[in-house]
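Colleague: I'm new to this one and would like a close look at a single part, the inside of the fold. Could you start with the setting and then walk me inwards?

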Amino acid sequence: MTDKKHRPAAPAHRFPGSLVVMGVSGSGKSSVGERIAKAYGYPFIEGDALHPPENIKKMSDGVPLTDDDRWPWLAAIGRKLAESSGPAVVACSALKLSYRQKLRESAPEELAFVYLHGTEAVLAERMQHRTGHFMPPSLLETQLATLEDPTGEANTVAIDIDQPLAAIVDEALAALGKM
Ligand SMILES: Nc1ncnc2c1ncn2[C@@H]1O[C@H](COP(=O)(O)OP(=O)(O)OP(=O)(O)O)[C@@H](O)[C@H]1O
Ligand SMILES: O=C(O)[C@H](O)[C@@H](O)[C@H](O)[C@H](O)CO
């Protein structure tokens, strides 16, 4: 028997293409992305699971990734989008405009971006309280320094993370429904 209580209602209007939930480490991409995917009935792709082992080792050792480290990873995410039998929701930091352009070029249809933003204090607090994750809080500063704010780019909604998860998801679904 399925437990309908925990299933978010399918929104009336869905963005027709795939969605990328983006932001620096600890911004809530996985938590929010999984919930949007469930609400839309789309598959969820965890970008972190597509990093080559060398990237995970680097980040675990407290060394920030370079562009060269990220290109193969973005290509792998792009392939997943291209191979998907329908739209999907992806959690991917997508910190720079050039990374987002690469994802836009890979996807068969238009992409929408849900940008999760918060203050350094909120992000640091979330990272510090998280257990069993490879990303050390010490890398937050370089994540924020690398981030190119996507506000104003096509099909992009920016959401403040300093609110409960359910409110973030509702805000994202409402904004996506208007696109
Ligand atoms: N709105 C929220 N309120 C409180 N805690 C939250 C909220 N959103 C996420 N969290 C918690 O913050 C931490 C970071 O969230 P999550 O792992 O989803 O972020 P992420 O962006 O996917 O991180 P990373 O890219 O580093 O994997 C987790 O412990 C998660 O449970
Ligand atoms: O572009 C990057 O530097 C990476 O993708 C990171 O953002 C991590 O993968 C992720 O956020 C895990 O904490």
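Modeller: Take the contacts in the chain between residues at least 6 apart in sequence: 79% of them join residues at least 24 apart. A contact here means two C-beta atoms, placed from the backbone, that lie within 7 Å. Bear in mind that this is a predicted model, in which local features need pLDDT of at least 70 and side-chain atom pairs count only at pLDDT 80 or more, while totals for chains, interfaces and linings use all residues. Residues are numbered from 1 along each chain as its sequence is written, and chains are lettered from A and ligands numbered from 1 in the order in which they are written.

The C-alpha atoms fill a box of roughly 45 × 40 × 35 Å along the principal axes. You'll find seven helices and five strands in there; these are DSSP runs numbered from the N terminus, at least four residues of H or I for a helix and at least two of E for a strand. Walking from the N terminus, the order is β-α-β-α-α-β-α-β-α-α-β-α. Of the 179 residues, 35% are buried (20 or more other C-beta atoms within 10 Å of their own; 12 or fewer is exposed, in between is partly exposed, with C-beta atoms placed from the backbone).

Now for our part, strand S4, residues 112-117. Five of its six residues are buried, so S4 is largely enclosed by the rest of the structure. Strand S1 (residues 19-22) runs parallel to S4, and four bridges join the two; strands count as paired when DSSP finds at least two bridges between them. In this pairing, leucine 19 sits opposite alanine 112. S4 is also joined to strand S5 (residues 156-160) by five bridges, again in parallel, and there tyrosine 115 faces alanine 158.

For valine 89, setting aside neighbours within four places in sequence, the contacts include Leu19, Val21, Ile36 and Phe44.

Two loop residues deserve a glance as well. Most residues other than glycine have a negative phi. Alanine 94, however, has a positive phi near 45°. Alanine 94 lies in the loop between strand S3 (89-91) and helix H4 (97-106), and it is buried because 29 other C-beta atoms lie within 10 Å. Asparagine 155 likewise has a positive phi, of about 50°, and belongs to the loop between helix H6 (140-146) and S5. With 16 C-beta neighbours inside 10 Å, asparagine 155 counts as partly exposed.

Finally, the ligands. A residue belongs to the surroundings if its C-beta atom, placed from the backbone, lies within 6 Å of the molecule. Ligand 1 has 18 such residues, the closest being Ser25, Gly28, Lys29, Ser30 and Ser31. Helix H1 (29-40) and helix H7 (165-177) each give two or more residues to that shell, and H1 gives the most, with three.
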